[in-house]
2 protein chains.
Amino acid sequence: MSRLIPAVIVVVVVILAATIFLAASPVPTPEFPQYTGGHQLLRPADYREWIFLSSGLGMSYSAQAGHEMFTNVFVPQWAYQEFLKSGKWPDKTMFVVEDRGSTSKGSINKAGHYQTDWMGIGVEVKDESHFPEKWAYFNFDEDTKSASANPKAGCWTCHDQHAAVEHVFVQFYPTLKPVAKKFGTYKGAAEEVQ
Amino acid sequence: MSRLIPAVIVVVVVILAATIFLAASPVPTPEFPQYTGGHQLLRPADYREWIFLSSGLGMSYSAQAGHEMFTNVFVPQWAYQEFLKSGKWPDKTMFVVEDRGSTSKGSINKAGHYQTDWMGIGVEVKDESHFPEKWAYFNFDEDTKSASANPKAGCWTCHDQHAAVEHVFVQFYPTLKPVAKKFGTYKGAAEEVQ
């Protein structure tokens with residue numbers, strides 16, 4: 001019997017260590033905001049492997065449409081799972097909106113639009129320890145490795161006034177709307193046409 | 001010293017068990033095709049957590065566009081990773097094309113189109129042990145829990161003739177095109193307008 005005691009202790013320690021390892025390592029580092037020189041956001045890598053929220057074509061705040069681009073929106077797996085459980089966005093959540101060209105005729109396609117070249121990304125970050133106003137907005141083109149946050153008037157104010165859940169335009173993400181409504185975090189007034 | 005021997009054995013057994021568990025369980029079951037009654041495909045669950053390939057709006061084989069829907073295409077993480085390494089689709093790969101309604105004016109949006117309600121899904125499966133012609137095609141609406149494969153003339157023939165990589169329209173997935181080209185699996189002729 002006495003021989004079993006150290007064995008039991010070792011098993012407990014191994015299970016604890018494995019639990020800590022599994023709990024600590026499921027989220028790859030690129031799924032959190034990374035900075036250089038203080039508050040310069042590094043361009044997120046591998047966002048195409050994140051969760052897709054929705055896409056639009058030629059969406060615009062003004063009635064005059066310009067060159068129509070597709071916009072694809074992605075959020076990291078870990079933040080998406082947190083949102084499903086709470087209807088809230090956890091600190092360190094990033095969103096990427098990817099701009100892509102659109103074309104109509106090619107191969108067997110004869111009508112409508114499909115996506116073509118990468119045109120740039122916008123990134124929205126919730127990071128309370130980095131930004132006194134919690135949310136910050138960045139843009140990256142092909143040559144941008146890191147970027148400073150845009151001025152508050154650029155994106156922050158509009159997201160603050162018109163987004164349905166915190167600073168996020170959940171009114172345009174049909175799979176997330178019922179989640180936010182269930183948890184009471186959805187501002188229905190944001191759906192009204194301005 | 002003799003007390004340590006059982007402890008060491010237990011540790012080894014625990015580590016082996018943990019390794020087997022981790023090695024055996026990385027791919028969730030819903031990411032493989034599941035059947036009922038022989039070859040009736042069960043509707044894939046959680047495909048919105050798969051890898052997003054691209055989306056289109058109102059894409060059509062005929063020049064006469066009807067009601068414009070968005071189409072979002074998803075593939076399981078494990079199959080996507082295999083494709084990145086080989087430019088080929090592994091056996092048991094599934095693709096989901098999700099149809100969603102589109103609207104233009106709502107909230108702050110004044111031009112262009114964004115996605116709304118779920119309208120149904122189409123599923124493409126590569127499963128050599130289930131289908132003598134390797135690939136099969138299914139449709140699901142809100143009430144469909146399982147579905148039989150569509151007749152060969154419905155989808156199979158067109159995919160066989162016009163898809164750029166095996167039966168898959170990689171010509172419409174801009175992030176996958178360069179991968180297939182690198183591995184020499186891309187049929188460039190599929191890009192020509194028919």
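**A sheet and its surroundings**

Modeller: Let's start in chain B, where β1, β2 and β8 make an open sheet of three strands, in the order β1-β2-β8 and with antiparallel pairing. The edges belong to β1 (35-36) and β8 (146-147) of chain B; each has a single partner strand, so one side of each is left without a neighbour in the sheet. Two words need their cut-offs here: strands (E, at least two residues) and helices (H or I, at least four) are DSSP runs numbered from the N terminus, and two strands pair if DSSP finds at least two bridges between them.

Before we go on, please keep in mind that this is a predicted model: local features need pLDDT of at least 70 and side-chain atom pairs count only at pLDDT 80 or more, while totals for chains, interfaces and linings use all residues. Residues are numbered from 1 along each chain as its sequence is written, and chains are lettered from A and ligands numbered from 1 in the order in which they are written.

Back in the sheet, β2 (residues 40-42) of chain B is joined to β8(B) by two bridges in the antiparallel sense. If you look at B:Leu42, you will find B:Ser146 of β8(B) as its bridge partner.

Now turn to chain A, where three strands again form an open, antiparallel sheet in the order β1-β2-β8. Its edge strands are β1 (35-36) and β8 (146-147) of chain A, each pairing on one side only. Here β2 (residues 40-42) of chain A runs antiparallel to β8(A), with two bridges between them, and A:Leu41 stands opposite A:Ala147 of β8(A).

Chain A has four helices and eight strands, which follow one another as α-β-β-β-β-α-β-β-β-β-α-α.

Just after α2(A), A:Gly87 has a positive phi of about 70°.

A nonpolar core is a set of buried Ala, Val, Leu, Ile, Met, Phe, Trp, Tyr and Cys residues joined through C-beta atoms within 7 Å. The largest one has 78 residues, and A:Phe74, A:Val170, B:Phe74 and B:Val170 touch the most other members. Another core lies apart from it, with six residues, among them A:Leu57, A:Phe70, B:Leu57 and B:Phe70.

Finally, visit two loops. A:Lys134, between β6 (111-126) and β7 (135-140) of chain A, has a phi near 70°, positive although the residue is not glycine. It counts as partly exposed because 17 C-beta neighbours lie inside 10 Å. In chain B, B:Lys92 sits in the loop between α2 (77-86) and β5 (94-103), and its phi is near 80°, again positive in a residue other than glycine. B:Lys92 is partly exposed, with 18 other C-beta atoms within 10 Å.

Technical notes: A residue is buried if 20 or more other C-beta atoms lie within 10 Å of its own, exposed if 12 or fewer, and partly exposed in between; C-beta atoms are placed from the backbone.
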